[in-house]
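Hi everyone, thanks for coming.

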Amino acid sequence: MESDSAYASAHTSACDSACDSDYDDLDRRLVHALQIDGRAPFNAIAEVLGVSDRTVARRYARLRSAGAVRVLGGVDSTALGAVLWFLRVRCAPAASLPVAEALARRPDTSWVSLHSGGTEISCVVRTESEADSEALLLAKLPRTPRVEGVTAHSVLHAFYGGPDNLAGKFGALDAEEVERLRPPPVPPRPGPVRLDDGDRKLLALLATDGRAGFEQLAAATGWSATTVRRRTAELRAHGLLYLDVDVDLRMFGVHARTLLWLSVAPAHLEETGRALAGHPEIAFAAATTGPTNLYASVVCANQRELYRYLTTRIAALPAITHLETAPVIRTVKQAGNRA
């Protein structure tokens with residue numbers, strides 16, 4: 001079996017050769033900079049990238065208007081007691097797209113995708129209480145016409161995802177440039193956090209534009225810019241708010257997303273999950289309940305690279321006893337918006 005370094009070199013070369021011609025190296029470096037600090041001033045990014053402030057602002061505006069890059073304020077709803085579920089919904093073939101679109105319209109869903117030849121839907125659902133979980137999983141979905149079955153996996157622990165982003169794994173910036181852009185760490189602030197109407201307005205605006213200025217956020221919340229700055233820092237310290245970069249992965253040569261459901265001996269679940277999270281192909285990895293106990297979303301340049309990944313990196317994890325793969329054929333909704 002080839003070494004990790006040889007595999008990584010081959011993987012990088014494949015991605016480099018497959019990168020979409022609509023994007024160039026400056027685009028990829030800008031995206032990596034935003035992944036490090038989504039609210040970094042354009043002049044700070046420009047200094048690291050070696051271009052003018054206007055060039056950075058113009059590039060970001062072009063990429064954002066094209067839907068290729070967006071900085072978003074993500075919310076870790078589990079910090080408020082919510083539960084995340086991965087659902088697999090089996091449908092009659094003619095019903096899968098309408099059901100997927102109905103799920104995508106729900107405000108509590110993300111990553112709604114069709115796979116398994118179009119007869120199965122996967123999605124992430126956030127439920128705020130046991131009653132919400134019961135209503136969705138035991139009442140609403142099973143009674144939806146032409147839904148033939150539902151499998152639910154509750155997320156127990158995320159190994160990779162949320163504030164972590166694939167743009168950082170593809171590494172368009174070198175280590176020195178990364179350190180120059182890295183913001184000071186936010187000291188953790190343990191304990192419960194309660195949201196009021198101002199917080200909800202703040203989070204709603206950041207969810208659509210993570211780079212919204214403090215004056216704009218102040219106008220939306222009715223607070224002063226100083227209060228907005230302080231409250232934003234508090235929500236980040238509580239682990240509730242983080243910055244995410246939603247990017248068109250074709251920029252990095254990625255054209256195929258595949259879902260993996262894996263079974264791992266419980267004694268090796270933590271070790272295997274951490275190893276999986278370190279793979280450059282992994283966009284998300286989490287321990288779950290259900291028939292399998294480890295879930296991952298994998299991105300590759302093509303099916304050949306997927307086969308290479310499964311037969312090298314995945315094959316090298318000895319604790320995996322079962323693996324199921326499902327190539328995504330259509331993404332109906334991504335993190336928070338319809339695709």
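**Salt bridges across the chain**

Let's start with Arg88 and Glu120, whose side chains meet in a salt bridge, 2.9 Å from N to O. This pair links distant parts of the chain: Arg88 sits in strand S2 (residues 83–91) and Glu120 in strand S4 (residues 120–127), 32 residues apart. Please keep in mind that this is a predicted model.

Are these two side chains buried or exposed? Arg88 is buried, with a relative accessible area of 10%, and Glu120 is buried too, at 7%. For reference, buried here means under 20%.

Now let's move to the helices. Arg231 forms a salt bridge with Asp199, and their closest N and O atoms are 2.7 Å apart. Arg231 belongs to helix H11 (residues 225–237) and Asp199 to helix H9 (residues 197–208), so this pair ties together parts that are 32 residues apart in sequence. Both Arg231 and Asp199 are buried.

How many salt bridges turn up in the whole structure? The search finds 18. One of them joins the side chains of Arg29 and Glu177, at 3.1 Å from N to O. Arg29 is in helix H2 (residues 25–36) and Glu177 in helix H8 (residues 175–181), so the pair ties together parts that are 148 residues apart in sequence. Arg29 is buried, with a relative accessible area of 13%, and Glu177 is buried, with 12%.

That's my tour, and I'm happy to go back to any of these pairs.

Methods
Residues numbered from 1 in each chain as written. Predicted model: local features only at pLDDT ≥ 70, side-chain atom pairs only at ≥ 80, totals over all residues. Heavy atoms only, no water. Salt bridge = Lys/Arg side-chain N within 4 Å of Asp/Glu carboxyl O. Helix = DSSP H or I, 4+ residues; strand = E, 2+ residues; numbered from the N terminus. Buried < 20%, exposed > 50% of the residue type's maximum accessible area, 1.4 Å probe, protein only.
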